[in-house]
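Good morning, and thank you for coming. I would like to walk through one protein structure today, beginning with the whole chain and then turning to some of its parts.

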Amino acid sequence: MSVQGTTAELAERADVTTVNTSVNTAPEPSLVLEGLGKSFGSGPPVLQDVNVSIAQGEFVALLGASGCGKSTLLSIIAGLTPPTEGALEVPADGAAFMFQDASLFPWLSARRNVELALKLRGMGKVERQLAAAELLELVHLGAAGDKRPHELSGGMRQRVALARALAQERSVLLMDEPFAALDAITRDLLHDEVERVWQRTQRTIVFVTHNVREAVRLGQRVLLLSSKPGTVVAEWSVSDELRKDPTQVAELSAEITARLRQEISKHA
Ligand SMILES: Nc1ncnc2c1ncn2[C@@H]1O[C@H](COP(=O)(O)OP(=O)(O)OP(=O)(O)O)[C@@H](O)[C@H]1O
Ligand SMILES: [Mg+2]
């Protein structure tokens, strides 16, 4: 195959290939963690020998007991915490982060919270007003843009936080127990939202949760981290068909819960 074009054109084409994966080619890995380890000070390792490869556009759910190192792992991927061992590859545009607590600016409306993320990207005023409106529509908050965080429900605040994370336009989205504080029904609605947003935006998502059913409902792959040290001890592939069938979701959740209990009992 002959390839022609200026260096800039070729670089642009190369970029496009890494972002859009076609049906015939295996998806490019988006995140690669190799022999990753982390210790704080002279303490025992929190994470050890974590080896994970995540494809562009893949949705991975990360499960593990409290304190096993899930947030530390996300923080390393986000570039906020340096690993003490191993290597990682992340896309050049880095990762956006969404936390359990929406951490919105309380004095700014939903729209302004989203616009701020766009402003930080250097987007001009008119353009960011349009983009913020689109993002709020995407998370079904088109009518609530003028409300401030205290006027929104917990679920709505998390939707604004999702819109704000998407505003950063990073190819990887890290979500750290984003729905842990929500009631079960709101959580189910947000699962549908996240799935729709993921399909629409083709982000690579790493979603941390304590909730096994949530992991199976959302993840194409579920990874289980052990504790002390945290390393990937089991993984399950979840087909699109299984994720949509509540009976199969319940069966697989029971299997994963049993495995998670085993891990937790090692340290009980
Ligand atoms: N900055 C830090 N300094 C020292 N120890 C830390 C630091 N951050 C995390 N740790 C320790 O690392 C371990 C893993 O913490 P981490 O927050 O990653 O766990 P987690 O799996 O996210 O837990 P949870 O499910 O409760 O959120 C804990 O023992 C914690 O005390
Ligand atoms: Mg955590």
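Please keep in mind that what you see is a predicted model. Within the protein chain, residues 24 or more positions apart account for 69% of the contacts with a separation of 6 or more. The chain contains nine helices and nine strands. Of its 268 residues, 46% are buried. The protein chain exposes about 13,700 Å², and carbon and sulfur atoms supply 53% of that area.

Let us now consider one helix, H5, which covers residues 154-167.

Is H5 mostly covered or mostly uncovered? It is mostly covered, for eleven of its 14 residues are buried. Among them are Gly-155, Gln-158 and Arg-159, as well as Leu-162, Arg-164 and Leu-166. The run from Gln-158 to Ala-167 is listed as buried residue by residue, including Val-160, Ala-161, Ala-163 and Ala-165.

Which elements provide this cover? They include strand E5 (95-98) and strand E6 (172-176), together with helix H3 (110-120), helix H4 (125-138) and helix H6 (184-201). Just after H5, Glu-169 takes a positive phi of about 55°.

I turn next to the aromatic residues. A pair of aromatic rings is described by the distance of the centres and the angle of the planes. A search of the whole structure finds five aromatic pairs. In one of these, the ring centres of Phe-97 and Phe-99 lie 4.5 Å apart with their planes at 15°; planes under 30 degrees apart count as stacked, so this pair is stacked. Phe-97 counts as buried because its relative accessibility is 14%, below the cut-off of 20%. Phe-99, at 39%, is partly exposed.

Phe-105 and Trp-107 form a tilted pair, because their planes meet at 45°, with the centres 5.2 Å apart. Phe-105 is partly exposed, with a relative accessible area of 34%, whereas Trp-107 is exposed, at 58%.

Finally, which residues form one aromatic cluster? They are Phe-59, Phe-179, Trp-198 and Phe-207.

Notes
Residues numbered from 1 in each chain as written. Chains lettered and ligands numbered in written order. Predicted model: local features only at pLDDT ≥ 70, side-chain atom pairs only at ≥ 80, totals over all residues. Heavy atoms only, no water. Helix = DSSP H or I, 4+ residues; strand = E, 2+ residues; numbered from the N terminus. Buried < 20%, exposed > 50% of the residue type's maximum accessible area, 1.4 Å probe, protein only. Contact = heavy atoms within 4.5 Å. Areas by Shrake-Rupley, 256 points an atom, 1.4 Å probe, with all protein chains shown as cover. Phe/Tyr/Trp six-rings, centres within 6.5 Å; stacked < 30°, edge-to-face > 60°. Expected span 1.5 Å × (residues − 1).
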